[in-house]
Amino acid sequence: MFLRNAWYVAAFGSEVTDELRAVELLGEWIALYRTRQGTPVALENACPHRKLPLSMGRIKDDQVECGYHGLTFNREGACTRIPGIKRIPPSVRVRSYPAVSRYGLVWVWMGEKSRADPELIFRVEHWDEPGWGRNAGGSMVVECNYLLVTDNLLDPSHVAWVHRSSFGIDECEEEPVQTTVAADGVTASRWLRDVEVAPFYLPLVQFKGRCDRLQHYEVRFPSHAIIRAVFVPAGSGGLGRPIHPQATLMDSYNFMSPIDAHRTRYFWFQLRNFAPSDVAISKMMDDGVREAFGEDLVILNAVERGLARQTTAPIDLALDRAGLQFRRALSRLIAAESGETMSDGQQLPAQ
Ligand SMILES: [Fe+2]
């Protein structure tokens, strides 16, 4: 089940050109392209005639011509030409989806058009802000339901095992996580006190020695996350304390786009408060993040298969609390959208 009235990332902006591109979002086939003015267009990817994907056709004058019999559709999805037919019935059309370019990504609204407000697009703080750098980021297709990825992104504890050589340190294993539920999502966070800097961050952190480290994992509806890492010299971190002048801040943005119930395209990029135009640092971050997220990919693909083959129900642990709260709140939003009511009997594990 998916939340429909929401913006999802359909592609990197660089992938949307004057040539048609097929994507699948929430199980729906969509054809993407960009007009000569640079506006992204998202149309249902099926000609009403014989349902040939429009992405197999071509762009002519900012319109899409079907590759089977030349039926042509404008960016609103209206049919403007059927070769050999003078009067085109207005019912001959394809669905068009609101589409917006922002943050180097193309966002598509999957619900009611009238509710598609670009102000609702996940806000990336410090984008284009002087003093902040960012790496290009990347994407990968995970062979699992998107909620396994949101579980993962609300679970700071997994880094101790899955990312042992990058984000994790042994001292990550025991520290409990605080969970906060808000109207727009769920946050799991914790301060690790007087710990070593984990290997991935070691060349990046702007001071020497041990640190206090904030792990702030925040996932907002429908499935977008900011993972904020803060490193300050040991003894200077903590909730409500002013940010230390040598603080190293890294914001990792993660956008999960459900392809269907069993596959997810996962997009990411990072922003940092140091070395804004240092290409080598950006590359190091891109390479390191891709390698670490590859570790998640292996686990998540296998968890999806494991859950599909389960012979006994999986158990929940306290560390699952944030992920379960996110799932529960999202289910409510999805149910409200489809006019259903949901029972509230589900138990969360004790914190
Ligand atoms: Fe991970």
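## Terms and basis of the model

A polar contact is taken here as a pair of N or O atoms within 3.5 Å, where, within protein, one atom must be able to donate a hydrogen and the other to accept it, and where residues adjacent in sequence count only if both atoms are side-chain atoms. The structure is a predicted model, in which local features need pLDDT of at least 70 and side-chain atom pairs count only at pLDDT 80 or more, while totals for chains, interfaces and linings use all residues. Residues are numbered from 1 along each chain as its sequence is written, and side-chain values use heavy atoms, with hydrogens and water left out.

Asn135 belongs to strand E12 (residues 133–142), strands being DSSP runs of E with at least two residues and helices runs of H or I with at least four, numbered from the N terminus. With a relative accessibility of 2%, Asn135 counts as buried (under 20% relative accessible area, with exposed over 50% and partly exposed in between, using a 1.4 Å probe and protein chains only).

The side chains of Asn135 and Gln270 are joined by a polar contact of 2.7 Å. Leaving aside residues up to four places away in sequence, Asn135 touches Phe269, Gln270, Arg272, Ser282, Met285 and Asp286, contact meaning heavy atoms within 4.5 Å.

## The sheet that holds E12

E12 is part of an open sheet of 7 strands with antiparallel pairing, in the order E12-E18-E17-E16-E15-E14-E13; two strands pair if DSSP finds at least two bridges between them. E12 and strand E13 (178–182) stand at the edges with a single partner strand each, so one side of each has no neighbour in the sheet.
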